[in-house]
Amino acid sequence: VCAQDHPIAQVIVANDRSTDGTAKAIGVFACRHPEVQSLDIAVLPSGWLGKAHALAQAADRADGDWFVFTDADVVWHPALLRTIMELSVRERLDFVSLWPNTIIIGFWERFLIPACGWVLSLWYAARCPGVIAETPAFANGQFIAIRREAYARIGGFAAVRDDLTEDVALARLAKAAGLRRYMGLGRELLNTRMYENLSQVISGWTR
């Protein structure tokens with residue numbers, strides 16, 4: 001994220017009750033990159049699910065005209081942010097979400113993750129991916145960019161605080177509010193390896 005060829009005002013890392021040394025790693029990195037800020041979350045309030053709460057807390061502390069939400073296991077191409085901002089200006093967009101290239105190595109990854117992607121593609125392909133006027137009410141929480149004003153207008157993640165699919169719920173609110181949206185493939189711009197073993201797959205899908 002810090003290697004982008006487009007200016008970034010802040011990089012807020014929401015460290016939500018981790019126990020694996022994440023806080024220390026963020027602190028070391030922030031010493032070399034003053035734009036990086038650590039947001040340590042100690043408590044999950046009643047009525048919230050963890051990810052929605054973490055993202056809402058980060059948004060409350062963010063500056064700038066755009067908010068960009070991404071997962072910690074997503075690797076950005078240096079041109080990602082510039083590409084998205086140019087697209088947003090050209091198409092007058094308020095809301096952008098991308099599918100990354102998924103790196104698949106282990107047996108369970110090869111067996112389960114493509115099956116999930118195949119099911120999603122059946123649903124998604126019929127709805128004109130990449131066509132602004134026909135973008136479905138769908139989003140991928142691995143990468144969501146939204147104008148600050150638009151985020152406030154739809155109530156942000158507080159409006160979907162208890163939804164297991166907070167990304168899709170946010171996209172539905174965006175569509176209902178008449179925001180100009182884009183959902184497309186970002187294989188050349190984003191990479192991720194989500195799970196390394198079966199226990200992570202099960203944990204991630206049932207969390």
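I take helices (H or I, at least four residues) and strands (E, at least two) as DSSP runs, numbered from the N terminus. On that basis I count seven helices and nine strands in the protein.

I note that this is a predicted model, in which local features need pLDDT of at least 70, side-chain atom pairs count only at pLDDT 80 or more, and totals for chains, interfaces and linings use all residues. Residues are numbered from 1 along each chain as its sequence is written, and side-chain values use heavy atoms, without hydrogens and water.

**Overall values.** I looked up burial (under 20% relative accessible area, 1.4 Å probe, protein chains only): buried residues are 38% of the 207 in the protein. I then took contacts as heavy atoms within 4.5 Å. Of the contacts between residues at least 6 apart in sequence, 76% join residues at least 24 apart.

**S1 and S2.** I treat two strands as paired if DSSP finds at least two bridges between them. Strand S1 (residues 11–16) runs parallel to strand S2 (residues 36–41), with six bridges joining them. I find Val 36 in S2 as the bridge partner of Val 11. With helix H1 (residues 22–32), S1 and S2 make a β-α-β unit; I record the unit as right-handed, meaning that, with the strands pointing away from the viewer, the path from the first strand over the helix to the second runs clockwise.

**S4, S9 and S6.** I find these three strands in an open sheet of mixed pairing, in the order S4-S9-S6. Strands S4 (74–76) and S6 (101–102) each have a single partner strand, so one side of each lacks a neighbour in the sheet. S6 runs parallel to S9 (residues 190–192), joined by two bridges. There I see Thr 102 opposite Thr 192 of S9.

How values were computed. Buried < 20%, exposed > 50% of the residue type's maximum accessible area, 1.4 Å probe, protein only.
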